[in-house]
Amino acid sequence: MASYLVKRFLLMILTLFGMSVLIFVMLRLVPGNIADIVFEAAGMVDDADKAQIEADLGLDQPIVVQYGRWIGGLLQGDLGFSYVSERPTLEEIGPRIPITAKLAGLALFFSILFGIPLGVISAVRQNTPLDYVLRVVSLSGLSLPSFWLALLILMFFVSFFGTIPIYTRPPETWWGELALYSVPAAAVGFRSSALIMRLTRSSMLEVLRQDYIRTARAMGASDNSVNYFHALKNAVLPVTTIIGIEAAFLIGGLIVTETVFNIPGVARFLVEAILWRDYPIVQNLVMFIALVVVVINFLVDLLYVVLDPRIKYAD
Amino acid sequence: MTSTDHSVELAKAGANVTGWWSRLVFLALRFPLGAFGAVIVALFVFAAIFADAITTVDPTSTNAAKSLAAPGPGVLMGADFMGRDMYSRVVHGARISLAVGVGSTVLGCLFGVIIGLASGYLLGWFDLLVQRVIDIMQALPLLVMALVMAASLGPSLQNTIIAISIPLIPNVARVIRSNTLAIRELPYVEAARAQGMSELRIAVRHVLPNTLAPLIVLGTAQLGAAILTEASLSFLGLGIPEPHPSWGRMLSESAAEYVRTAPWLVIFPGLAISLVVFGTNLLGDAMRDLLDPRQRS
Amino acid sequence: MTSTTAEIAATAPGERVIGDTVLAVEGLETVFYTRAGMVRAVDRVSFSLRAGETLAVVGESGCGKSMTALSIMRLIPDPPGRIVGGKVVLDGTDLLQLSEPEMRKMRGNRVSMIFQEPMTSLNPVLTVGRQISQALMMHQGMSRAAAMERAIEMLRLVKVPEPAQRVKEYPHQLSGGMRQRVMIAMALSCNPRVLVADEPTTALDVTIQAQILDLILELQKKLGTAVILITHDLAVVAETAQRVIVMYAGRKVEEATVEELFTHPRHPYTRGLMASIPRLGLMRSQAAQTGGRLQEIPGMVPPLFDLPEGCAYAPRCERADDHCRAEYPPYEEKRPAHWTACWHADD
């Protein structure tokens with residue numbers, strides 16, 4: 001077990017290192033840098049000024065040097081300054097993280113709350129009208145673009161309540177926060193819950209075909225006991241993996257949802273930073289997302305040890 | 001025991017189905033949702049191919065008089081701020097969607113298969129390297145990866161296809177690799193090896209054909225994801241540039257401000273995306289049930 | 001096809017020991033609806049079983065023996081399968097007439113089943129004790145603690161070492177033989193009247209096979225359980241059973257006591273089966289006839305959706321003539337307490 005943990009940890013570091021190289025190189029391939037954009041916006045190009053800005057930001061240095069500077073700083077906890085606001089990256093990203101985290105947490109809560117029970121029902125009632133309805137609903141969840149769903153929700157609020165539930169100022173109370181976040185969380189969580197539901201269904205159907213289910217029936221277990229006791233325990237195992245991946249990958253859906261609902265979270269911030277070629281923000285934000293993904297994957301693996309008696313990660 | 005009408009039960013099981021037409025009908029009855037999906041996809045492809053024939057107005061021509069016209073005679077789905085006909089734009093949008101969806105899926109699958117096959121077949125250091133790179137690429141959500149790729153390649157139709165295809169590669173490669181690993185251990189592959197068949201020949205003759213079924217299943221699933229990703233990228237302004245009529249782009253132009261004033265600008269492009277992705281997903285599900293017996297429900 | 005249940009029952013040998021009969025199967029008929037057509041997996045099979053008796057059901061794979069077992073348990077997956085006729089009378093109750101909840105009270109309680117694959121037949125995420133105690137809590141209304149006590153007792157009975165420790169373990173921690181012992185403990189925990197054992201030793205090592213068979217026989221004596229032993233292995237039959245049924249293509253083709261069957265096999269299929277296995281004490285005379293060499297039965301079991309008009313074995317039978325191919329032979333008592341369905345059984 002101990003050596004497994006060490007090995008996993010080293011692989012995580014390797015993945016993060018690879019990600020840092022990948023993202024750094026990709027960003028340097030981007031046509032144009034912040035200086036180009038600033039000057040384009042101003043409608044004039046003064047080569048001397050532009051060169052000065054590039055020199056100030058270190059953009060004139062060889063790419064290896066730039067990379068060394070970034071990683072060196074990162075390891076010392078220095079994330080650099082945003083090109084756009086000229087404030088420390090940490091101060092820019094930091095306050096936005098809790099907002100996105102709350103949204104993602106709420107969305108994940110919704111998706112588990114609906115996804116697992118509906119997936120089980122769909123599998124148990126396989127090929128009944130209820131199953132067909134649930135399957136169509138879950139498939140729509142995977143088919144509606146989350147930004148369109150968000151827009152539809154806005155439309156709905158406009159025509160029925162006359163207000164738009166978008167973020168205008170920070171909420172003051174926790175229930176105000178809950179009310180404000182639950183709409184976008186539902187918009188983005190619909191997709192995750194559809195995914196979890198589908199996986200729960202297929203996992204459940206797979207388990208119901210197993211020999212040990214026949215054994216349980218041969219011993220006189222009732223349908224309820226077979227479905228909810230013998231089968232469900234096995235069926236949720238693969239579902240935990242998807243929940244873990246979704247927890248981290250929700251940020252993809254949140255990018256567009258935060259944009260529509262005007263929420264100042266990290267996901268929308270990433271797009272803004274990319275559009276502005278604000279390298280320090282993009283680099284560090286992508287690294288942060290990757291870190292969250294690998295850590296959650298690691299936690300899911302550990303959770304498996306608890307949930308599945310067969311897995312012991314022998315040395 | 002109650003008496004049972006054998007013929008009814010047999011018909012349900014699909015006995016006595018012969019000929020391709022009755023087989024098709026049988027499949028459609030057995031997978032009604034899949035058949036529905038196939039119809040949607042067929043309509044989508046039809047609209048993409050014959051877009052110019054089934055519309056009368058150029059999707060890019062502006063008309064100040066029709067700015068924000070509501071749906072009505074002459075403007076079936078209304079017009080946008082610049083007075084461009086939404087019906088024509090939505091129909092022509094199918095072209096973009098199809099091009100990006102099919103283009104990036106084919107590209108992603110092609111590289112995924114080559115990498116996965118090589119990785120599962122050669123093993124050794126190459127496999128180790130591929131696995132690590134896949135790990136890295138899968139540490140970012142599809143959209144984030146596509147976003148970075150799209151930004152670094154610059155906005156164009158071609159680049160959008162490439163940007164979306166790259167994050168699809170690891171998925172395909174991973175499935176093909178594990179499939180290859182399983183197949184290369186099968187007795188008939190061992191037998192081919194024992195008969196002195198070359199490794200390359202074995203890979204092409206035995207292993208590759210057996211990865212076809214999972215590939216079709218995976219490809220159909222990826223198609224929907226690719227179309228959705230294109231829509232999201234364009235929505236965020238990092239995908240298909242103007243003046244191409246991209247569904248995602250249409251929504252970004254009209255996003256929140258037209259929710260109140262011109263809802264048709266929001267409804268039709270979104271409906272088009274959802275319907276097409278829904279169709280491919282339905283079809284993909286039926287494909288999986290049909291081709292992957294382990295998953296069959 | 002036209003014979004009624006009554007006629008079949010009349011020809012069935014089951015009425016020999018009526019008083020002692022625990023289980024009487026009459027004209028059992030199970031079909032599967034497939035794309036290729038209707039498959040008669042179990043075609044009007046009748047037999048009876050007395051308390052403490054072991055009845056072996058033999059045949060090649062696909063001959064319908066497992067389907068007979070699952071039909072008795074009413075565990076045929078529907079769709080595609082369905083029991084369409086016959087009776088399964090356990091202590092005077094026709095199981096096929098019971099409602100599903102009533103049938104559930106029978107399974108694992110009055111009639112139990114153990115399966116071929118010990119590796120996959122136990123739930124991987126439940127402890128062994130939990131799985132054994134489920135049936136006890138369900139059928140006997142025991143508390144969890146009492147059921148666990150009884151589970152330990154059952155494990156001791158099936159000779160699992162350190163039972164108090166083992167109840168806390170998961171299936172993957174046990175060997176195949178141990179898992180099959182757990183299965184047996186589970187199946188016998190409620191002291192059922194009938195135990196259906198479907199190839200219980202096929203998946204095990206040869207050395208373990210004998211141990212498991214001995215265990216089943218020993219427990220049978222101790223508990224008075226009637227056993228239906230389904231196997232393709234005639235050696236197992238010779239060692240364990242009192243009576244044998246030979247099945248072919250969903251039908252019963254021969255039935256007799258073990259001694260009788262091995263000394264005077266009447267049906268060519270039975271003879272073929274015997275010639276195809278290494279000699280056993282009882283079968284030495286048989287083996288001598290074939291020059292002491294093993295022989296295989298030519299051909300394969302025909303697809304059940306495409307059975308020939310006459311005897312299903314005719315395409316593979318060296319004695320088959322036009323009569324065999326035209327008409328299915330009647331199931332008749334050819335020698336005392338020895339029934340077979342063959343036109344040439346008297347040759």
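**Notes on a predicted multi-chain model**

1. Two residues are in contact here if their C-beta atoms, placed from the backbone, lie within 7 Å. Before going on, a word on conventions: the model is predicted, local features need pLDDT of at least 70, side-chain atom pairs count only at pLDDT 80 or more, and totals for chains, interfaces and linings use all residues. Residues are numbered from 1 along each chain as its sequence is written, while chains are lettered from A and ligands numbered from 1 in the order in which they are written.

2. A:Leu270 also belongs to the largest nonpolar core, a set of 159 residues in which A:Leu270, A:Leu285, B:Ala146 and B:Leu147 touch the most other members. Such a core joins buried Ala, Val, Leu, Ile, Met, Phe, Trp, Tyr and Cys residues through C-beta atoms within 7 Å. Buried stands for 20 or more other C-beta atoms within 10 Å of a residue's own, exposed for 12 or fewer, and partly exposed for anything in between, with C-beta atoms placed from the backbone. Helix H11 (residues 223–261) of chain A gives the most to this core, with 17 residues.

3. Chain B has 13 helices and 0 strands. These elements are DSSP runs numbered from the N terminus: helices are H or I with at least four residues, strands E with at least two. Of the 297 residues in chain B, 47% are buried. The C-alpha atoms of chain B fill a box of roughly 75 × 65 × 35 Å along the principal axes.

4. Now for the contact between chains: 38 residues of chain B are in contact with 41 residues of chain A. On the chain B side, the largest share, 9 residues, comes from H13(B).

5. B:Asn281 lies in helix H13 of chain B. Is B:Asn281 buried or exposed? B:Asn281 is buried, with 26 other C-beta atoms within 10 Å. Apart from neighbours within four places in sequence, B:Asn281 is in contact with A:Leu139, A:Leu142, A:Ser143, B:Gly37 and B:Gly224. B:Gly224 is 57 residues from B:Asn281 in sequence, with 6.3 Å between their C-alpha atoms.

6. Please also look at H9(A), where a kink of about 40° is centred on A:Gly189. The bend at a residue is the angle between axes fitted to the seven residues ending there and the seven starting there.
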